[in-house]
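Subject: The structure you asked about

Hi,

Here is the structure I promised to pass on. Have a look at it first, then read my notes below.

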Amino acid sequence: MPEGPELHLASRFVNAACAGLVFGGAVETSRCSRGPAVPFESSAYRISASARGKELRLALRPLPGALPAREPLALVFRFGMTGSFRLAPRDALPAHAHLRFYTAPPGPRLALCFVDARRFGRWHLGGDWQPGRGPCVLLEYERFSPLVSAEGKQPHLGHDAATEEGRENVLRNLAHKAFEQPICEALLDQRFLNGIGNYLRAEILHRLGIPPFEKARTVLEALQQRRPSPEQTLSQKIRAKLQSPDLLELCHSVPKEVVQLGGKGYGPESGEEDFAAFRAWLRCYGVPGMSSLRDRRGRTIWFQGDPGPLAPKGGKSRKKKPKGAQQGPEHRTEGPLLPSAARSRSRGARRGPPEQGTAQQPEGTSLQQDPEVPPAPVKGRRRRQPAASGHRRPQRIKANTRSLEEGMSAS
């Protein structure tokens, strides 16, 4: 599922691919699209993108003299589980291209497409980021984890919404009920850690050896005591952070590593080869020898060692076997979704829309958990199905046999 780094890679791709292109005409949506129509038409306009956390903003700006005369328009995307952008020939659109922006003649006839096989992705008109999301762990690191000043003092953060963000926003709000959860679930709270997702939380916790089901408040309270010595110089304090980063610092540096890897469907390689560097980078998520459990939302968390005191009761920890080992049904665990798996799932998506019960949470819902993740199915009591006529006969035979036995014993 696309997380913060994937949204930033998509933004880079759009800006690089569309840098010399002029688009024209109307924006087209597919027949089975779940997103709103985009009421934008211009004879000549340009496209640019920016990303923040798990959202991407696409800006459509008409060129001078373009007709009809109109104001620029912005759209904000959330990618769901399989969203991405592709640039393709107009006469060879990729499957599941639910939103299409066509280039204007006389240039090459191309289309920038928002592709989403499982259709959990969303877009809305207007350039506003979704309200309630915290600062981006990648681009707003200054506010997420402020560096000490040249005088060796921590910068003072006020209580207004514009400054009380990031690292201090987490540490000042540890009394919030969000931090009563296991740390693996609290890391997905987009109100505090905008951009962290399933594979990132596993990698961050693994590097620090933190059990995923340790109470979040217990883990984070220790960071309140971490203050640089006033005798250290600025360079010494920065070096200490780089050599032994804490959990909130890794929430910035680990996603940054993924962006620096590139690829992930936006590199020069094709297919699974574009994911080779990312697979080699993974230390925990889906790696053979690691264990896994499902959290309360039904998402798989990978870890090594003790899961922690808040592990789900009755949850069975499963260890991923090496590729050469034969795996039975009891050892099959959820792993990273690679391109081959995405293609096989997309074939199923062509058969029809997903069931209503797996749809994305509606707009305006709480950001306590990652809103792009479809909720896990809720188990309920099965309705008793009426027995078929062919299954009643053995019951009558058994009843008749019992009556005959009772009559024989009475005699």
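Let's start with a cysteine: residue 113 is buried, since its relative accessible area is 0% and buried means under 20%. Cysteine 18 counts as buried too, because its relative accessibility is 2%. As for disulfides, a search of the whole structure turns up zero. One thing to keep in mind as you read on is that this is a predicted model.

Now the big picture. The chain has 411 residues, and buried ones make up 43% of them. You can pick out 11 helices and 12 strands. If you take the contacts with a separation of 6 or more, 67% of them are between residues 24 or more positions apart.

In what order do the strands of the five-stranded open sheet come? The order is 1-3-4-5-9, and the pairing is antiparallel. At the edges sit strand 1 (23-26) and strand 9 (122-125), each of which pairs on one side only. On average, neighbouring strands here are turned by 35° against each other, ignoring direction. As background, strands of a sheet pair through backbone hydrogen bonds, and they can do that either parallel or antiparallel.

Zoom in on one pair: strand 1 and strand 3 (residues 41-52) run antiparallel and are joined by three bridges. In that pair, phenylalanine 23 stands opposite tyrosine 45 of strand 3. Strand 3 also has a helix across it: helix 1 (residues 4-17) lies over strand 3 and strand 4 (55-62), and it runs at about 150° to strand 3.

In soluble globular proteins, nonpolar side chains tend to be buried together. The largest nonpolar core in this model has 40 residues, and among those with the most contacts inside it are Phe179, Ile196 and Leu247. Several elements give two or more residues to this core, including helix 3 (166-172), helix 5 (198-208), helix 9 (276-281) and strand 11 (300-303). Which helix gives the largest share of this core? That is helix 8, with six residues.

Leaving aside neighbours within four places in sequence, leucine 247 is in contact with Ile183, Leu187, Ile204, Leu205, Leu208, Ile210, Val219 and Leu220. There is also a second, separate core of 33 residues, which includes Leu9, Leu60, Phe114 and Trp123.

Is threonine 82 buried or exposed? Threonine 82 is buried, because its relative accessible area of 17% is under 20%. You will find threonine 82 in the loop between strand 5 (73-78) and strand 6 (83-89). The side chain of threonine 82 reaches the backbone nitrogen of alanine 117 at 3.3 Å, and that of arginine 118 at 3.0 Å.

Serine 291 is in strand 10 (residues 291-294). Serine 291 is buried as well, with a relative accessible area of 8%. Its contacts, leaving aside neighbours within four places in sequence, are Ile301, Trp302, Phe303, Ser317, Arg318 and Lys319.

Cheers

Key
Residues are numbered from 1 along each chain as its sequence is written. This is a predicted model: local features need pLDDT of at least 70, side-chain atom pairs count only at pLDDT 80 or more; totals for chains, interfaces and linings use all residues. Side-chain values use heavy atoms; hydrogens and water are left out. A disulfide is a pair of cysteine sulfur atoms within 2.5 Å. Buried means under 20% relative accessible area, exposed over 50%, partly exposed in between (1.4 Å probe, protein chains only). Two strands pair if DSSP finds at least two bridges between them. Helices (H or I, at least four residues) and strands (E, at least two) are DSSP runs, numbered from the N terminus. Axes are lines fitted to C-alpha atoms, for helices over the stretch in contact, and angles run from 0 to 180 degrees between N-to-C directions. Contact means heavy atoms within 4.5 Å. A nonpolar core is a set of buried Ala, Val, Leu, Ile, Met, Phe, Trp, Tyr and Cys residues joined through side-chain atoms within 4.5 Å. A polar contact is a pair of N or O atoms within 3.5 Å; within protein, one must be able to donate a hydrogen and the other to accept it, and residues adjacent in sequence count only if both atoms are side-chain atoms.
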